[in-house]
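Please look over the sequence and the structure shown here before reading the report.

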Amino acid sequence: MADYYKNEDTRDIINSLKVYLANTTIVYYKTHEFHWNVEGASFYTLHIMFEKFYIKLWKSMDETAERIRALGEKVPPSLAELLPQATILENETAPQSQVMAQILRNDYYALAENALKIAALATEKNDLITADMMIQRATFLEKAAWMLYSTIKD
Ligand SMILES: [Fe+2]
């Protein structure tokens, strides 16, 4: 068993993964909700694009939660416990379609930045499995942000 299990370094990584899981949960729900509520001329394009993204986000929630378990910690048992750890805000209203794409683009960049900070931390602590997982997340999120930007650009 690698030496990063069950020590203070692991605690830092687990705590950062919980924040990442909370952020991903918020962004997952927002993306799925936009998939439901989007309207207008670009309905079909965005409806399908949001679906592709929320499926990826949902899968990444599973991978992040299972990494927390593999590092020896329980995943927060309720949304009431998980979500207050998020640094990305929920959406209060369903905005116009272009604004939806802009909001998600900003969120995906923020989530990519969050993932890359964890990758740097995990690399420093010699947990290359977590680092690799987070780099893969950031790669997807940056690409998704670019696709959203290209969709709404004039
Ligand atoms: Fe659907």
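## Basis of the model

This is a predicted model, in which local features need pLDDT of at least 70 and side-chain atom pairs count only at pLDDT 80 or more, while totals for chains, interfaces and linings use all residues. Residues are numbered from 1 along each chain as its sequence is written.

## Helix α4

Helix α4 covers residues 97-124, a run of 28 residues, and reaches 41 Å from its first C-alpha to its last, close to the 40 Å expected at 1.5 Å a residue (the expected span is 1.5 Å times one less than the number of residues; helices are DSSP runs of H or I with at least four residues, numbered from the N terminus). Just after α4, asparagine 126 takes a positive phi of about 70°.

## Packing of α1 with α4

The axes of α1 (residues 8-37) and α4 come within 10 Å and cross at roughly 165°, where axes are lines fitted to C-alpha atoms, for helices over the stretch in contact, and angles run from 0 to 180 degrees between N-to-C directions. The two helices α1 and α4 are therefore roughly antiparallel, a term for angles over 145 degrees. Their crossing is left-handed, meaning that the near helix is turned anticlockwise from the far one by less than a right angle.

Residues making this contact include Ile13, Leu17 and Tyr20 of α1 and Leu104, Leu111 and Ile118 of α4, with contact defined as C-beta atoms, placed from the backbone, within 7 Å. The contact residues divide into 12 nonpolar, five polar and three charged (Ala, Val, Leu, Ile, Met, Phe, Trp, Tyr, Cys and Pro count as nonpolar, Asp, Glu, Lys and Arg as charged, and the others, Gly among them, as polar).

## Two further helix pairs

Helix α1 also packs with α2 (residues 43-70), at an angle of about 160° and with the axes 9 Å apart, so α1 is roughly antiparallel to α2. The contact of α1 with α2 has 15 nonpolar, eight polar and three charged residues.

Helices α4 and α5 (residues 128-152) pack at an angle of about 160°, their axes being 8 Å apart, and α4 passes α5 in a left-handed crossing. The residues of that contact comprise 22 nonpolar, five polar and three charged.

## Isoleucine 13

Isoleucine 13 is found in helix α1 and counts as buried because it has 24 C-beta neighbours inside 10 Å, the cut-off for buried being 20 or more other C-beta atoms within 10 Å. Leaving aside neighbours within four places in sequence, isoleucine 13 is in contact with Leu71, Leu121, Ala122, Lys125, Asp127 and Thr130.

How values were computed. Parallel < 35°, antiparallel > 145°, perpendicular 65-115°, else oblique. Contact = placed C-beta atoms within 7 Å. Buried ≥ 20, exposed ≤ 12 C-beta atoms within 10 Å, placed from the backbone.
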